[in-house]
Structure formats: structure tokens, C-alpha cells
Amino acid sequence: MLQAARLGKKAGGRWLLQEIDLCVEKGEMVGVLGANGSGKSTLIRCLTGEWKADSGEVRLKGERIDTYSPKERARIVAVLAQEPLGEIEFTVEEVVKMGRYPYQSRWSWASGRDFDVCDSVLRQTGLWPMKQRQLAELSGGERQRVAIARTMAQEPELLVLDEPTTFLDIRHQLAILDLLKKWQSECGLTILIVLHDLNLAAQYCDRLVLLKEGRMVTSGVPKAVITRERIEEAYGVTPLLMTHPTLHVPQVFLQPAKEEKK
Amino acid sequence: MKGRPKKLIWGGGLFLCLLFTFSLSVSLGSTHIDMMTVWKVIGEKWGVGNGSGINATDAVIIWQLRLPRVLLVALVGAILAIAGVVYQGILQNPLADPYILGVSSGASVGAVLAIVTSWGAALLGGWSLPAFAFAGACLALALVLMLARGRSGLNVISLILSGVVVQSFFAALLTFALSFKPEEMQRIQFWLMGGFSLGDWNQVGAVFPFLLIGFPACWLMSADLNLMALGERAAAHLGVNVAKTRVCLLLIASMMTSAAVAVSGMIGFVGLVIPHIMRMLTGADHRSLLPLSALAGAILLLLADCLARTLIAPAELPIGVITSFVGVPFFALILKRHQRKKGE
């Protein structure tokens, strides 16, 4: 679905990203992990074609990503950026309909299919009862659900999310991730997601990629990536690891720094 | 009531309201002419009706003096409101407006330059005034955007500050021109506060094409404008060519503004007040916001013009005075609301 080969990005003479080789297969959910400033957001911007890479290349469905027109690309890749939706004066339904933009030409606005897709998305995400509400009236969690519904209306094959759960409480975090997981299993959607929470990443992702200072430390199934050595290397903290009692994936426990003995 | 029917009712209501203010505006003046006569004269000129019972003097007053002026007011009002919607949408700035951004002052300087120096008159003929105004408008907008663009993109307040600075500079240029040509005082004063006392059919003909082309052009891009409200990154990810859309719409809005300024001088705050009111009443969807704002802009400026003509009759107030009296408190209100939202 998406391949990056020897991807690099430079800014102000410094490499933000270097030698990234990454392959996301159709239908899998890949998590990107790393400390602050490790290049996660830069990687996302390069992989979605928002920024042009300074070395290497990104291929989407076998074609170089810069050969797609913006609308063609938007029909394949949907992106949910880090910034939450602002307090704009649109209704929930209007925002979700904006997801249909890549399918509409300048001369004809909305077709019957656009309405059908939006209706089904609104029902699936549980937003149907509040579709006429103004976005500004909604809570942060509800607004994020609207943002995800908008990307669903885009009917993408690949969904890229940059920390979609950062501003949410645990209930809404789980709700969003469950929604994504359901969408992945039902429609064969491919998901690339940046997550801060290692435990959630281990629970939901099929594969993980761990970044440090713009380079890839390791990648693979959660068991192979979330190990004491790798976490120590990437984050500089020493974790305790246990296996999740029901999901059997590694879970990280943090501990306060020990006082040094005199 | 929700969605489409509500917007259609608003559209119809505003249209009727426009017809009414239009006839009111034509009938007001030193000789009062009732509204029926106004429409009879228009009907006769269009070949509908036989013009019976119309006083010949009234017909001349209406057709030669008042009608072109009133049409011009309505056109300029619609243009300024559309430009305001576009600037606010593209710059994602609730306080943007052709006047506050300094675009109007740039266009004024261009226009005055064309008049005072008569440069380009040989080459461009009658188009030299709007062409110079457009050049001035683009220069002002480019300066403002250059000044305001910081590391984190366009900040609301720094954009307004840049607008103020650029506007003061162009106002100084106008005064500078004034001191060289004291005999042009009257005309230059007119550019500073705006006015329609020189309105005639030629000017109506000069401005109308800009609305006729500019409005559909903006309207066709209304879906893109909607997406820009989500933020530039989100719009780009949805397939909007952000750079192209921005340049196109800014150029169209500036061209429409300069056409309006070329015939009426600097009139502030119409482009600020109207989009806000219409957004509050009917929502932010630009497909309806653009046409409804155009109607409402025409109505507001017609009413302002009525006041400007009647308050100190037989003398006339510059119309910019009236719109500023309405617009400045409104500006303060939006600024306060914006600060509360951002917690500044």
C-alpha cells in the first residue's frame, strides 16, 4: 500500500529524518512510536506527500506519491492531523460532507452517492442524532469523532492519523481506537497511526515502528518492538514490562526515578 | 427550520428587502418622489408600461441622477461584502475586511495616482483608473501579508496590525499627493472617506462587470473556501490545491475591491460586518454565505447612503462616516469575542 525507501528530510542543514525504510501492507494497522522530536510528525508529513522528501522516495500503491494530483491522492489517503477541529461555525453534517470534496467536481456539488455515504458514516459513528448541531457546541471528544467521520466519508484506502487521542480522556480514546479497528476489519482499511501511549499501541496495532532522532530503531510486531532494551534506547527511561493478561501483548509500567545512593 | 429551506427563505427575504431599500433610496432626496413612480419610470425605460402620469422632470431626476447612483451603491455594497467573505475565509481571520487589510487604501492611492498624473491614460484609456487601483490594492495586500507572516503562519492580531501600518502609510501618501495638488483637495478627500456624489451610468457600467465575473468565480470556489475553514493542512489533505486557491481568490477579491474603490473611494467595515451577521444567521457554508452576503451588503450600503444623504440635508455626509459608526463598535465586539475564545 505504502512504501518508503531510504527516506530523508532535511531542515536548516539538519536531518530530521534519515534512512527510513518502511512498508505498510494493505489491511494492517501500523503504529509509529518515538519520543518527542524523534521525527514522527515529519515522517507523517513526508509519507502523506505534504512535504517533499530530500532523499529517497515514497510510493503509494506502487506509484510515486508526487505523481498524484491532490484530489487523486485524497481519494486514496485520508489524513487526520494533530490539530483538533477549531470552533468553526459549521454543523456536524456539513463537516462530514466536506470529506466528499475529492469526489466532487467544481461544477457539480453533491450527488446522491455523497449523501448516502455521509448518512451511513453519521450512523456508524453515532453522530446521527447530533448531525444538525454546531461544531462549537460539541466537546473535544465529540469533535474528534466528527473529524474521524469526515475522514471516513472520504472513503480512503489508507488512513493516516497523527496522535488522534492526545486530547481525550480514556473512554473517548478507547471509543476512537475501537471505531478505527472496526473500520479496519470491516472494510480492509490500512491504518498508519502515531500514538504516544505505548500500551494502547501494543493493544491495537498489528505492527509498530520505533523512531529515535529521525532514524528507525526497530520495527515489527509489538512483542518484538516493546522490549526493555528498545524502550530504553528510544526514550531513555527504564520500564518494567508485563504481558497483558487477556490480550497477551507487552505492556509498559513506568517507575519513578530511584534516588541515588550516597 | 433547518438547512436548505431556511436559506432559501433568507435569500427571498433579503431580495425583497433589497427591492424595498432600493426604491426607498431612489425616492428619497430634495424632491420627494413616491416609490410607485420610481418603478413606473424604470418600467417605461425598459419598454414595459406606457409611462402615463409621469412627470417629465421626475423621470429625468430618477433616470439621470438617482438611479445610477443608487445602483452604484448597491453594486459596491455587494462587492465589498463578497470581498469580506473571501478575505475572512482565505486568511481565516474574523477581522479581515478590504478596508482593515489596507487593500482599499492601496487601491485609493493607485486611483489618485492615475488621476493626478494621468499616467497610462494614453495606453489604457478609461481602464487606467481601475488598473492603477488594482495595482495599488495588490501592492498593499502583498505588503500586509509579508509583514504579518510569522513562523507559525498568519496570526490574527499581527495581520490586523500590519493592515493598520500599511493603511497609515498609504493614507500618508494620499496626503502627500494632496499637498502637491491643493486644487484636487475635494476629490482626494472623497477617496479618503468614500462617496457616491459623482455616480453616473458610466461608473455603473464600469463596476458591474467585476461583480458579474467576480461573484460566480468566487462562488465556484466556495467548496474550497469551506474546506479552508478546517485549516490549511486539513484542506490540503482533502485534495484542495491550497496555494492556487489562495492566490486566485485573493486576486479576485482584490480586483473586485479596487473596482469598487475606483468609483466610490474607501468605504470601511461593510466587508467586516455583513459576513459576520450572515454567518450567525445562516451558517458558515460559503455556497449560501456568498450570495446572501452580497444581498445584505447591498442593503446595508443603501441604508447607509440614505442616511448620508438625509442627516444633514441639503449637504451630504461621506458614506464612510456612517459605515464606520456602525462598523467600529462591531469590530470591537468581534475582537473581544475572539480574545475570549483564545483565552488571550
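I began with the salt bridges across the interface of chain A and chain B and found two, counting a side-chain nitrogen of Lys or Arg within 4 Å of a carboxyl oxygen of Asp or Glu. One salt bridge joins the side chains of E94(A) and K7(B), at 3.6 Å from N to O.

A note to keep in mind: this is a predicted model, where local features need pLDDT of at least 70 and side-chain atom pairs count only at pLDDT 80 or more, while totals for chains, interfaces and linings use all residues. Residues are numbered from 1 along each chain as its sequence is written, chains are lettered from A in the order in which they are written, and side-chain values use heavy atoms, without hydrogens and water.

Next I looked up the contact (heavy atoms within 4.5 Å). I see 28 residues of chain A touching 27 residues of chain B. The two chains bury about 2,500 Å² between them, 60% of it on carbon and sulfur atoms; this is the accessible area (1.4 Å probe) lost on being put together, summed over both parts.

Then I turned to the domains of chain A, whose bounds come from an automatic or database domain assignment. Domain 1 covers 1-76 + 156-226, and domain 2 covers 87-154. Their C-alpha centres lie 24 Å apart. Domain 1 of chain A brings 14 residues to the contact and domain 2 of chain A brings 15.

How much area do domain 1 and domain 2 of chain A bury between them? I read about 1,300 Å², with 68% of it on carbon and sulfur atoms. For salt bridges across this domain interface, I noted zero.
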